[in-house]
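I wanted to look at the aromatic contacts in this one, ring by ring. These are my notes as I went along.

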Amino acid sequence: VEAIMILPRLVGRKVGEEIDGRLRLAKVARHSVAKVFPDHWSFMLGELALYSFTILVGTGLFLTMFFDGSSAERAYDGSYGPLHGAQTSAAYASTVEISFDVRAGLLVRQVHHWAALLFLAAIMVHLCRNFFTGSFRRPRDVNWLVGVTLLIMATANGFLGYSLPDDLLSGTGLRIISGGLLSIPVIGSWLTFLLFGGPFPGTALEQRMYATHVLIVPAAIAVLISIHVVIILRQKHTQFAGRGRNQTNVVGSRVWPTYAFRSLSLFCAALAVCAALGGLVQINPVWIWGPFHADAVTSPAQPDWYIGWVEGALRLFPPWEFRVFGYLVPAPFWPAIVLPVLTFLIMYCYPWLERRFTGDRAEHHILQRVRDVPGRVAVGVWAIAFLIMLEIGGATDLIARFSRQPVIGVVWFLRIGVLVLPVLAGMIALWVTRRLRASHAPHLADLPVAGLRRRPSRVRKGSSDDIARFGPGVADHAEVDAEDAPDPDRVAGP
Amino acid sequence: VLGGIAFGVGYVVDASTQVLGIALSVAFAGLTIGFAAWVALLPEGPFVEEREQMTSSAADRAALADDLGQADGGIVSAPLPRRMLTLALTVLGLAALLPVRSLLGTGLKPGRSQRETNWAVDVPVVKEDGTFIRPDELELGAAVTVFPQDRKRGDDEAVLLLRVDPAHLQLPAQRADWTVNGIIGYSKICTHAGCPVGLYAQGAGELLCPCHQSVFDIYRGAEPRYGPAARPLPQLPLGTDDQGRLVARGPLSGPPGPGWWRRS
């Protein structure tokens, strides 16, 4: 029995030796596993996005085995009764078949959809973390660009995936996209006809979306993720200020074994959550929406949430159309085209905009606390509040239904709200962060200075860190000293 | 392990989605806790690793520039071959753009196809299933989606027929005879972003688009009342032929659907 137990280890060593005998990797590998990564829960958000992407690829591979990305008409003859014999596109019919006739098909389909939502949520929270802690400053501004591109790619592919089943809800979404593209001055018509292969809905769209969704964009995302990670490895991760931490080191845990297992744990947690959601919480039941017909529509009609802010803008933007030299600039151009382009453009440019404003061109490897830069917090909170208000605008019909108010009243309330409330939120954020900064005058970075006294509240926070890092003994020591003694860091420092 | 076994068994017996999901979730949750426990038992850091600044030294940069600039003995940096290469690549790049035109396929091109529909003088009005309509089929308050007998642009040509009390109608003077017994026809495609204007508030005399809540006044030529749409729904002039069937008496009053640059 013992011989069998030891066998995998022997084989593993043998394989390792064979590989090293050809590629001389031992030194490189040793260096990699000893790499130090700083410890903070918020540094795992990007990793969560990566694992969501892994789940998406895995479940997506399964779905491609059954999905028929074609707009050819055929009769549905699967086991879902109400649609029996209905003439639908092959795409729609095969989606319903995956849901009812493929074993575990509905589970995989729903896990795929939930993982996509998790992917986008993780990217957005990760982006907020990087924004508010100032990690986008030089030299990581270049990786910020890669990250924003990934967000755009993920949003686009999410929408493509949502559109593929050719159901009534997503077909209406595509119709709106075509309306938006048509509104682009000069090139709108040609661009729309080129993409759709003729006027909406066209016959080429489905297969083009399919190829883009399963091959082109995922390949681009994989390449961009690789670049994102290689840059992180090259530049090494940022860390929060703290004792023993400075611009020229990284303090944390090693890749092997701590981060290897921590990552695996996170991956399994993501899988567990997606599996539970996919199994228990219904998402996008296309058999209820029905197949797409351009002369029919569902109500209420909402897209997935990550695109809802554009939908909200379309609803709230006033009916302003004007002519330039006799040519029409239709109303959807501003909310459907200009707003998203401008939003992502500002996101791309933000590191350089802030640099212009602060004049700070130095290289930074220490993160800022959120409260350290009230101006940035105000801008960030304004932007988030603005997008949330637009998102709410995407649900005017639901709000009107549940509040029993006329839609037009809700629309006017939100039209004003989308302009006023974010500014208010930004001002409140500015006030709060300034107060916070003033009340905790000593920056974390300044703490190790001799003789500095900290307020009890800060010490409590610091000491819980100490427990994690140095064990209870040292932390007790810090607690005791905290009241009036010299700075505990002097005692507890490594 | 239990979760994994449960998933395997569940798959074999074709259990419900819920059972499979729970089994899989339990399996991965177990692994999550296992790995987390492993991490908790590991010796704690902190470990310290040195970090270099990102900018190379001036000497390294200069050395690289020298290597690139001189290693070829000046052949690569000579102007003539370099210009020839630039020209060749530019021409090739432009030539490679031409096949983009193929994306358009053999279908309709922008321009006239956006403006024109198959609605014209004496084109019979038919329902989704292709049957003709007589004016007396529609009761007061009825709403039905119709198409021209031959559909060129498929669903963009959809028209919504509404039977209203003629006394309420306040159409522009030149459209006074576009209705038959209070039956009025408007394009069903919203002029904002192109959704079907599928909600009919009969009491208020309004058509409402479910996508962005544009509201059109059916008594006044479907002028937008509020919401994001800026143009009225095009109206279809209606009449009857010698057999009493509903027909169009001309094209729609404008191109249906969302606006574009060259829309007149």
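**Rings and charges**

I started with B:Trp261, which is buried at 15% relative accessibility (buried means under 20% relative accessible area, exposed over 50%, partly exposed in between, with a 1.4 Å probe and protein chains only). I'm working from a predicted model, where local features need pLDDT of at least 70, side-chain atom pairs count only at pLDDT 80 or more, and totals for chains, interfaces and linings use all residues. Residues are numbered from 1 along each chain as its sequence is written, chains are lettered from A and ligands numbered from 1 in the order in which they are written, and side-chain values use heavy atoms, leaving out hydrogens and water.

I picked A:Trp309 and A:Phe344: centres 6.1 Å apart and planes at 75°, so they are edge-to-face. Both A:Trp309 and A:Phe344 are buried.

Which way do A:Tyr327 and B:Trp261 pair? Their centres are 5.0 Å apart and their planes at 15°, so I call them stacked. A:Tyr327 is partly exposed, at 33% relative accessible area.

I also noted one aromatic cluster, formed by A:Phe131, A:Phe132, A:Phe136, A:Trp144 and A:Tyr350.

Last, I checked charges over rings (NZ of Lys or CZ of Arg within 6 Å of the ring centre and within 35 degrees of the ring normal). The charged end of A:Arg262 is over the ring of A:Tyr259, 4.9 Å from its centre.

Technical notes:
Phe/Tyr/Trp six-rings, centres within 6.5 Å; stacked < 30°, edge-to-face > 60°.
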